[in-house]
Amino acid sequence: MMGIVRKRKILYARISSNTRRDDLVNQVKYLQEQVKDYDQVITDVGSGLNAKRKGFLKLLRMILNNEVSKVAIAYSDRLVRFGFEIVEEVCKARNCELVVLNNEDETPEQELIEDLISILVSFGGKLYGMRSHKYEKVKECVEEIKA
């Protein structure tokens, strides 16, 4: 006879690159301060456009296997840059609560600019290589656009 498996409460944090390790530590700390009752912390280092992140795939598998009752994230873009609504629906279908702690309302224009910047930086990195001089120029141009 199978025993009852207790569903876990997960905190998920992501940063886009190793140069932002301090941000990851701060993000996890913030999540732990806001959500006192949790079982596990899952972290990722990688682009929110990359759906093959190790931690993200682990979390998704756990949700699909009905192992998770709650996922808490700081911002929706920490989980995925695009397709958040799809992940939200998967969670609903598996009776998993998805909690976004900082649900800042951006204007449609702000949201579009952030999405375009994410795409530019991601594809610039792929096109030119993450350490190349041209990639750094792409990042500089994007930062100028943001300002």
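Start with Ile-73, which touches Tyr-12, Leu-31, Leu-79, Phe-84, Leu-98, Val-99, Val-100 and Leu-101, leaving aside residues up to four places away in sequence; contact here means heavy atoms within 4.5 Å. This is a predicted model, where local features need pLDDT of at least 70 and side-chain atom pairs count only at pLDDT 80 or more, while totals for chains, interfaces and linings use all residues. Residues are numbered from 1 along each chain as its sequence is written, and side-chain values use heavy atoms, with hydrogens and water left out.

Ile-73 also belongs to the largest nonpolar core, where Tyr-12, Leu-59, Val-71, Ile-73 and Leu-79 touch the most other members of the 18. Such a core is a set of buried Ala, Val, Leu, Ile, Met, Phe, Trp, Tyr and Cys residues joined through side-chain atoms within 4.5 Å, and buried means under 20% relative accessible area (1.4 Å probe, protein chains only). At least two core residues come from each of β1 (8-15), α2 (54-64), β3 (68-73), α4 (84-93) and β4 (97-100). These are DSSP runs numbered from the N terminus: helices are H or I with at least four residues, strands E with at least two. The largest share, 4 residues, is from α2.

Now follow β1, with 6 of its 8 residues buried. β1 runs parallel to β3 over 5 bridges (strands pair if DSSP finds at least two bridges between them), and Tyr-12 has Ile-73 as its bridge partner in β3. β1 also pairs with β2 (residues 40-45), again in the parallel sense, over 6 bridges. There, Ile-10 has Gln-40 of β2 as its bridge partner.

Note on methods. Buried < 20%, exposed > 50% of the residue type's maximum accessible area, 1.4 Å probe, protein only.
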